[in-house]
Amino acid sequence: MRREQVAWAGLAAMTVSFGLNFSMGVFFAPTAASYGVSTAALAIAAALGTTVTGFAQPFVGRLLDRVGSTLVLIGGLTLISGSYLALAVVRETWEFVAAYMVLGGLGFAASSTLTVTTLIGRSLGNQVGPALTRAAIGINLGQLIGPWAATALFEPVGVRATYALLGAVGLAVAGILWAVLPADRVTDAVAGRGESLAGRGKVLISFGLHSATLYVVILMLPKHAVESGWSVVGAGRLVALAALAAGITSAAMVRLQRRHPQETLLRVLYLGRIVALALAVSSTAPAALIAVAALFGAASFPIVPLTMAVISRGLDPARMGRTLSPAWVIHQLAAAAGLAVAGLIHARTDSYQGYFALGLAFSVAAALLLTPTRKPEIELVASAA
């Protein structure tokens, strides 16, 4: 496989990984009805699965540097696909939570952006930005295909068979990638820690604030829509709309990075998020929820590869897995905290709008963190002299 084709392999992997991960949101309402699992247990499973993903990141980072990103990627895809096969046969609530939390959480940890960033970074070096953005379109394709397939299959085959079919497709894609992806050239320099991320603190904090809202909106927006009077099928298609909008934006970002600094593009995306969340706070009307899905999707998902491109600049490829893993610990633990807090707010208010307001504040803070500070005019004059 040629170096430029690795991005397309990353796109396929992300389509499966993120498609299965984010499709869980459209399963929540029918799963609660079909399995007898409470909505509280589903929220707990989502939060615990995301927590497992976060705590697994350092381990995944070390594996990436020891055995290579190809083996880690295939293993992760196998686990997350296997979680869907397990969810097709579980009978007890604790079995559902365990399959979602362990298989899904570990599988997503090993098959998501940290692994794909390492895979592409070792092939392309500092030119990772456009290639990673192209691969990240798979996030949006997964969101588009997964929820659409699930909602189309619920009625004719049932919830359990839908889990099984999507899991089988994921395993098939993992097998194809196993056949075509070359093994990494892993060096002997596997001892010690990753490089320091000093100087990237504001970007890391903004990344955490971003994920604290991302998972809540994408996983809970369908449930929020159902509570506002939507059908399960219509609510699930909000996720597909978000994915379609995000895919269009991500494709545009591939070209825009050639003309504009990545930090500038990040600030523009956060402004779009602010508008989307302001709409989510102010209205539950159908038109407003459609606009929220489109704007939030378009503005949120391209932030992930752009942030990774900024953080990974100049890193040693041999230690990239270990170096980038703290960013993904922050990302996933912030997401888990967001899901937990959103669940508490929903339990008290019967609505997610309170958390959407908190997400709005997070997005404003993230945009401010990425805004460059101007030096005082006196200092500028002095330095010129």
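1. A salt bridge is taken here as a side-chain nitrogen of Lys or Arg within 4 Å of a carboxyl oxygen of Asp or Glu. The model is a predicted one, in which local features need pLDDT of at least 70 and side-chain atom pairs count only at pLDDT 80 or more, whereas totals for chains, interfaces and linings use all residues. Residues are numbered from 1 along each chain as its sequence is written, and side-chain values use heavy atoms, with hydrogens and water left out.

2. The structure holds 3 salt bridges. One of them joins the side chains of Glu 227 and Lys 223, with an N to O distance of 2.9 Å. Both residues lie in helix 8, 4 residues apart, which is about one turn of the helix; helices are DSSP runs (H or I, at least four residues), numbered from the N terminus. Their exposure should be read against the cut-offs of under 20% relative accessible area for buried, over 50% for exposed and partly exposed in between (1.4 Å probe, protein chains only). Glu 227 is partly exposed because its relative accessible area is 40%, while Lys 223, at 14%, is buried.

3. A salt bridge also connects Asp 65 with Arg 322, whose closest N and O atoms are 2.5 Å apart. This pair links distant parts of the chain, since Asp 65 belongs to helix 2 (residues 39-66) and Arg 322 to helix 13 (residues 320-349), 257 residues apart. Asp 65 has a relative accessible area of 1% and is therefore buried, and Arg 322, at 9%, counts as buried too.

4. Glu 263 and Arg 313 meet through their side chains in a salt bridge of 3.0 Å, N to O. Glu 263 lies in helix 10 (residues 262-282) and Arg 313 in the loop between helix 12 (303-311) and helix 13, so the pair ties together parts that are 50 residues apart in sequence. Glu 263 is partly exposed at 24% relative accessibility, and Arg 313 is partly exposed at 37%.

5. On confidence, the mean pLDDT (the predictor's confidence in each residue, from 0 to 100) is 85 for the protein, and 92% of its residues reach 70 or more.

6. Which residues touch the most other members of the largest nonpolar core? A nonpolar core is a set of buried Ala, Val, Leu, Ile, Met, Phe, Trp, Tyr and Cys residues joined through side-chain atoms within 4.5 Å; of the 113 residues in the largest one, Met 24, Phe 27, Phe 96 and Tyr 163 hold that place. Leaving aside neighbours within four places in sequence, Tyr 163 is in contact with residues including Met 24, Phe 27, Tyr 84 and Phe 96.

7. Val 26, in helix 1 (residues 6-35), counts as buried because its relative accessibility is 3%. Not counting residues up to four places away in sequence, Val 26 touches Pro 147, Ala 150, Thr 151, Phe 154, Pro 222, Gly 236 and Val 239.

8. Thr 213, found in helix 8 (residues 201-227), is buried at a relative accessible area of 0%, and beyond its neighbours within four places its contacts are Arg 273, Leu 277, Phe 296, Tyr 355, Gly 359 and Phe 362. Leu 209, also found in helix 8, is buried at 19%. Leu 209 touches Phe 362, Ala 365, Ala 366 and Leu 369, again not counting residues up to four places away in sequence.

9. One backbone value deserves a look. Phi of Asp 350 is near 60°, a positive value in a residue other than glycine. Asp 350 is found in the loop between helix 13 and helix 14 (353-369), and at 60% relative accessibility Asp 350 counts as exposed.

Key
Helix = DSSP H or I, 4+ residues; strand = E, 2+ residues; numbered from the N terminus. Contact = heavy atoms within 4.5 Å.
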